[in-house]
Amino acid sequence: MTDCIFCKIINGEIPSAKVYEDDEVYAFLDITQVTKGHTLVIPKKHVKNIFEYDSDLACSIFSRIPKIANAIQDSLPGVKGMNILNNNGEIAYQSVFHSHIHLIPRYQTEEGFKLSFTDNSKSYTNDEFQQLAASIKKTIESVS
Ligand code: AMP
Ligand code: ZN
């Protein structure tokens with residue numbers, strides 16, 4: 001796609017700190033370095049976000065992640081864990097609309113990264129909870 005910053009990075013029109021490349025996948029350091037080694041893994045095919053993936057594209061991207069994640073851990077002293085994040089849509093904080101997976105190595109509790117989940121379990125009766133699952137399950141079955 002001509003007007004996409006990540007397509008331009010893949011094509012070499014914009015420089016990047018590349019860590020991995022093959023026929024389908026490209027990985028490079030995120031410019032913001034939320035933590036040291038923060039890396040983006042992207043498909044070479046321009047897709048906006050997860051809603052445009054098919055299973056082949058998902059396989060190609062997600063199958064590379066363990067190798068890249070392990071390389072980050074093995075090459076940077078002090079990595080104790082890693083958050084793997086994928087923002088889809090503006091509401092979910094996606095700012096670049098070429099799909100990408102964030103690999104954010106973690107060194108300590110308090111650093112440039114915060115993530116919190118609100119516990120809303122008390123807002124659902126068991127029936128509502130089961131109905132919610134059933135509705136998603138039905139849709140999955142209708143497209144499989
Ligand atoms: P998101 O907010 O999930 O869409 O993440 C987009 C990420 O792309 C941000 O973390 C940016 O720092 C990163 N980014 C944008 N432009 C570049 C660039 N030219 N090189 C490296 N990372 C970039
Ligand atoms: Zn693109």
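**Close-up views of a predicted model**

**View 1. Gln33 sits in the loop between β2 (25–29) and β3.** The model shown in these views is predicted. Gln33 has a phi near 45°. That value is positive, and Gln33 is a residue other than glycine. The side of the question that concerns solvent is settled by area: Gln33 is partly exposed, at a relative accessible area of 27%.

**View 2. Tyr93 has a positive phi although it is not a glycine.** The phi of Tyr93 is about 70°. Tyr93 lies in the loop between β4 and β5. Its relative accessible area is 70%, so Tyr93 counts as exposed.

**View 3. Four residues coordinate the zinc ion (ligand 2).** Two of the donors are the SG atoms of Cys4 and Cys7. The other two are the ND1 atoms of His46 and His98. Along the chain, the donors follow the spacing C-x2-C-x38-H-x51-H. The pair His46 and His98 links distant parts of the chain, 52 residues apart.

**View 4. The donors around the zinc ion (ligand 2) form a tetrahedral arrangement.** The 4 donor atoms subtend angles of 104 to 117°. The arrangement counts as tetrahedral because all angles lie between 85 and 135 degrees. For four tetrahedral donors, the ideal angle at a metal is 109.5 degrees.

View 5. His46 is partly exposed, with a relative accessible area of 24%. His98 has 0% relative accessibility, so His98 is buried. The cut-off for buried is under 20%.

**View 6. The protein has 3 helices and 5 strands.** Along the sequence, these elements follow the pattern α-β-β-β-α-β-β-α. The C-alpha trace spans about 50 × 40 × 25 Å along its principal axes. Of the 144 residues, 35% count as buried. Among contacts with a separation of 6 or more, 52% join residues 24 or more positions apart.

**View 7. The protein exposes about 9,700 Å².** Carbon and sulfur atoms supply 56% of that area. The protein has 14 positive and 18 negative side chains. The centres of the two sets lie 4 Å apart.

Note on methods: Residues numbered from 1 in each chain as written. Chains lettered and ligands numbered in written order. Predicted model: local features only at pLDDT ≥ 70, side-chain atom pairs only at ≥ 80, totals over all residues. Heavy atoms only, no water. Donors = N, O, S within 2.8 Å, 3.2 Å for Na, K, Ca; no water. Tetrahedral: all angles 85-135°; square planar, octahedral: opposite > 155°, others 65-115°. Helix = DSSP H or I, 4+ residues; strand = E, 2+ residues; numbered from the N terminus. Buried < 20%, exposed > 50% of the residue type's maximum accessible area, 1.4 Å probe, protein only. Contact = heavy atoms within 4.5 Å. Areas by Shrake-Rupley, 256 points an atom, 1.4 Å probe, with all protein chains shown as cover. Lys, Arg positive; Asp, Glu negative; His and termini not counted. Charge placed at Lys NZ, Arg CZ, Asp CG, Glu CD.
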